[in-house]
Structures are given as structure tokens and as C-alpha cells.
Amino acid sequence: MKSYGFDGNAPQGLGRKVTSVYVYEAPVRLWHWVTVLCIITLSVTGYLIGKPLPSVPGEATFNFVMGYIRFAHFTAGYILAIGLIGRLYWALVGNHHAREIILVPVWDKAWWKEFFFEVRWYLFIERYPKKYIGHNPVGQIAMATFLWVAVFMCFSGFALYGEGLGTKSWAYQAFGWVISAFGGNSLTVHNWHRLGMWSIILFVMIHVYAAIREDIMSKQSMVSTMISGFRMFKD
Amino acid sequence: METFYQAMRRQGVTRRSFLKFCSLTATSLGLGSAFVPRIAYALETKPRVPVIWLHGLECTCCTESFIRSAHPLAKDAILSLISLDYDDTIMAAAGHQAEAILDDLIKNHKGNYIVAVEGNPPLNEDGMYCFPGGEPFVEKLKRVSADAKALIAWGSCASWGCVQAAKPNPTRATPVHQVILDKPVIKVPGCPPIPEVMAAVITYMVTFDKIPELDRQGRPKMFYGQRIHDKCYRRPHFDAGQFVENWDDDGARKGYCLYKMGCKGPTTYNACSTVRWNDGVSFPIQSGHGCIGCSEEGFWDKGSFYDRVTSIPQFGVEANADKIGFTVAGTAGAAIAAHAAVSAIKSTMLKKQDLQPLDAAAPAQNKDKNEEKV
């Protein structure tokens, strides 16, 4: 039967050997860290756009606080969106690990078996983890969900951005339909855009925790893999 | 058939006033001076287009607004004197006489009149919640609209449903475009709409005999193409980051941006910040209160008028995106901490067992594991 992970689970005892596999190519790693910076910028500025900082004193002419915050938000939004397009392109031309988080094999029984194995592992029912060169099935689902949320954030974000640019702008022409799809009042889109931000924050919390935990408990590299590209198996 | 110009002359409007009206119309439509002779020519040569004004489930604030139009020529010349042939609220005739006028209009101007609808038809109980002239309003609307050239949906009631369609909408009040599906419906939302906007839209339609350019949601672009926020005179304070934090603070006195007080200007398409109200005297933000977004779809059901991040009714309990977000993130943080603690305990326990010499515990474990796999 086809298998996605492999049992490197039970310890081989003392005197372990370290093997490494090249997993994440440079564009994937670049995209990952650019997206990290974008998400931090977008979340902080986005929060402040909905709940602005305390008022600044002085003449309006000499202040541009909200303007800079919004500028940072829009710029980071553009970078995130361009990054997403680049990442989707790389899924087509990159190695098969680049496709893992876009094409989840939900039609495959073996995949589901391993999915539930991973769920049991996270619930402490399984004693030893499996090892994966790429993502484990639960991680794969989480990444794919994040991608779709990010796509939604780009669509809703550019729709709201288009409102400010005006009805003749490219953003309004291309994404204005999103507002109509949400009933026509962009207040609804604002709310969903903000819920999207919170769902990404939730994702980041779980993502960072799971990566560090797997790094320690599965005896395989996670964090450094996204920097060097190599996954190390420490036994 | 009588032209507009002839009808105006008959009513005692001078040529001079007529030309003034043409320039005023061109200006209010944003068309520039080149259009003045074209409007005059259209009015002199085209047969006048009658307007039928219907009242459904509504509060008459649209009519109240309209009759206070600051440009009397637009209101009087085009509507009171010339084109407004039926309006059961302000016409002199009443009862059977009024209804006879309506029947004659439909018969004589078949396919050539404009129906302006104020309010909307309630559909529950076969439309019994609104029953003007011995007929459910929904029936009347369908009957009159059948031979109309186009419909104008006056105000938020006709455009979106407004307060009578707010949850739970007991009478099932339904906006006009969801009832009349085979005619163009021009939405002029607002509660009420700006009188000058109403006058200009109807003038455009009867003079040029065509529908103004509409946006995605069927509103005339010339008046609903920008948000209140885009042309707000307090916008520089928004960009500077200067907000009213309380109704009685220094920022309120200095006229800072009302964003934090829940102003809906950034999500509301209307002309209030440019055309303003009462002959251009003021508009809500200028009076120190945020926009409540009255010309937007479902504005009654979008949470408080005084919150920027508004509560989301779908969640049952009173909550907005940030409350939900902080709760979920906090819960997740606690869960992660707990999970990490259990993981650490498990890890320590395993390490104690696993680091024993190979011939002791580890092979036995491997054996068990392999048997399970088989």
C-alpha cells in the first residue's frame, strides 16, 4: 500500500545516525518567510485600522498616522497576494513537496488512515510519531485551509481597497463583486475580513507550536527545514 | 403630444426660467455647460414622460424630503406642474377619482411612463399588511409596473427593505427589485434620499429618456459612485489619526473624525458629504454625529450605529469580530500550553524508557509495534 509517512517511530537505541532530505526549495522558503512578515504587518496594521490608536495632537496637516498604517497594510497586502500567485506558480513547476499543501489527496484511503493516526498522535494516544519528509496529513489540511483563508483575505481585502480607490479602479473592477456577493453592504465584508485575520492568528499559533513540538518530539527537523530546505532525521 | 417645454409654458414658466432650469439640471447631474442646450432641446422636442408615484409600506419620509428640495425648479417644474401625474399622498384628487386617473394613465401612456415607488410591498398573508385603495400593494405595484418603461425605487425601503424588513421582518417586506423582475429598477437609497438627488435622477430620466449609468447594485453612479468618507470634510483628521474618542471631548469640539464613534461613512455610498442637506446647510457628520449608513443594504441589522467593529448578529450573543478573536485566541493559547505540558511529560517518560540499553526495553517495544502493524 502506498504510504505517505514512514515509521521511524520506535527508537533505534543509542548511537543514532542523522539523515537529511532536501524538501523545500528556495522559492518555497522565501515565500514562507515573506508571508510571515506580511502576516505580522497585516495583522498589526489591520487591527489598528479597525481600532485606531489614540488621537494624535496638533494640526492634521502635519500628521499622517492613519495614512501610514493604511499604507503599510495595503503594501503588505499586495506583497502577500503577489506571493500567493508566485507560490501557486511554484506548485506547478517545483518539486512534489511544493504541491502538498495545495493538492490534498482526500480521495485516498491510505491518506485518511494516516490522517487519523496523526490525530491520535496529537491526542497522545499513539506512543510514537511517524516521520514525514514533507507535511503530515493534519499539517497538510491546516496548510491548505490557511491558503484558502489567505486567498479569501486577498479577495475581500482588494474589494475593500477598491472602495477607497474608487469605482473606476482596477481593484473595484476586479474585486467589487465580492461586496455584492456579501449582500451589498461592505460592513459585512469588513467583519468577515476581520474574522479572517483572527483565524490566521489562530493558525499561526497552532502552526508555530506544532512545528516546534514536532521538531522536539518526532526527532526530525521542522524549523530549520524552512530555513535550509533540508529535513534531518535524527535517528 | 405635448412637450415638456409647452407644458412648462402653459404653467406660466418663462423662457428665462426654463433655461435657468436647464443649466441647473446640467450642473446637478455633473454634465457641464455643453449639455445645457442639449437638455433644452430635449425638453422642447420630446413628448413629456409621465411619472406615477406609488406608496407602499413606508413612512413618507422620501416625499417629505422631496418636497423640501432646495431647487424649487427641479421639484415644481418637473414634477408638481408637469410630470407627476399620480401621487396618492400629495395629489388633489382622492378616492375613486384618483384611482380613475391612475387607470387612464396606464391606458393612455402604455409602456411610456415611469413608476416611482416609495416603500415596499409586504408579501406575507398575500400582501394584506399594506392595502391602499382596496387592493394589496403588491398587486397594485405589479399591475402598474406591467406597462411601465422603468421603475425608480425611492429610498432604502424600496431599494433594500429598510426598517420594516429588519429582522425578523414579520410582514416579509420585500424590496421592489425582488418583486418586479422584468423592468429596470433604479435604486435611489437613503432614509430618506437627498431631495436634490431624487430630483436630479428623475429629471435625467424624463429629459434624456434613458436610465442613468448604474453601479453593480443598481444605483446611479453620479450620486452613489463615492462613499461619504471619500468626500468628507473631516477626512484629513482620519488620515492624520485624529479621532473623537468621546462625545464631549476636545476632539469632538475640534471636529475630528468620527470613525471611532462608529461613523459608517467608510462603508456608505451617498452624496451627503458633497450635496449636503437643507439647501447645502449641513449633513450628519458636520453636525457632529457619525453617519449611520442609512442608504446601505440592511443597515438596521448590522449592529450598533456607534461601533466601528460592529457586532455580528449571527453569533447569538452580543459579540464582534474582536471579542470572538480574543476569546478563540485565548482559548487556543491555553490549550496549546496544556498540550505542551502533556507533551513534555510524555517526552520525559519516553526518554527514561528509551535510553535504556538496546537489549533491554527497546527491542520489546519494537516487537509489539510490529505485531500491531501486521
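Modeller: Before we begin, helices here are DSSP runs of H or I with at least four residues, strands are runs of E with at least two, and both are numbered from the N terminus. The model under discussion is predicted.

Colleague: How far apart are the end C-alpha atoms of residues 71–90 of chain A?

Modeller: In an unreviewed entry, UniProt lists residues 71–90 among the spans of chain A given as "transmembrane region". In the predicted model this span is 100% helix and 0% strand. Its end C-alpha atoms are separated by 28 Å.

Colleague: Which helix of chain A gives the most to the side that touches chain B?

Modeller: The contact draws 42 residues from chain A and 51 residues from chain B. On the side of chain A, helix 2 (65–93), helix 6 (177–181) and helix 7 (186–217) each supply at least two residues. The greatest contribution, 15 residues, is that of helix 7.

Colleague: How many residues on that side of chain A are charged?

Modeller: The side of chain A that touches chain B holds 22 nonpolar residues and 16 polar ones. The remaining group, the charged residues, numbers four.

Colleague: How many helices and strands does chain B have, and what percentage of its residues is buried?

Modeller: Chain B contains 15 helices and five strands. Of its 374 residues, the buried share is 43%.

Colleague: Is C257(B) buried or exposed?

Modeller: C257(B) sits in the loop between helix 12 (250–254) and helix 13 (272–275) of chain B. Beyond its neighbours within four places in sequence, its contacts include R234(B), F238(B) and V244(B). A residue counts as buried if 20 or more other C-beta atoms lie within 10 Å of its own. C257(B) has 28 such atoms, so this residue is buried.

Colleague: Where does C263(B) lie?

Modeller: C263(B) is buried, with 28 other C-beta atoms within 10 Å. Leaving aside neighbours within four places in sequence, C263(B) is in contact with L258(B), I285(B), G290(B) and C291(B). Its place is the loop between helix 12 and helix 13 of chain B.

Colleague: Which residue with a positive phi follows helix 2 of chain B?

Modeller: Helix 2 of chain B has 14 residues, residues 15–28, and at 1.5 Å a residue it should span 20 Å, which agrees with the 20 Å between its end C-alpha atoms. Its buried residues include F21(B), L24(B) and S28(B). After this helix, with phi near 70 degrees, comes G30(B).

Key:
Residues numbered from 1 in each chain as written. Chains lettered and ligands numbered in written order. Predicted model: local features only at pLDDT ≥ 70, side-chain atom pairs only at ≥ 80, totals over all residues. Buried ≥ 20, exposed ≤ 12 C-beta atoms within 10 Å, placed from the backbone. Contact = placed C-beta atoms within 7 Å. UniProt positions renumbered as here; feature names shortened; annotations may be inferred. Nonpolar A, V, L, I, M, F, W, Y, C, P; charged D, E, K, R; others polar. Expected span 1.5 Å × (residues − 1).
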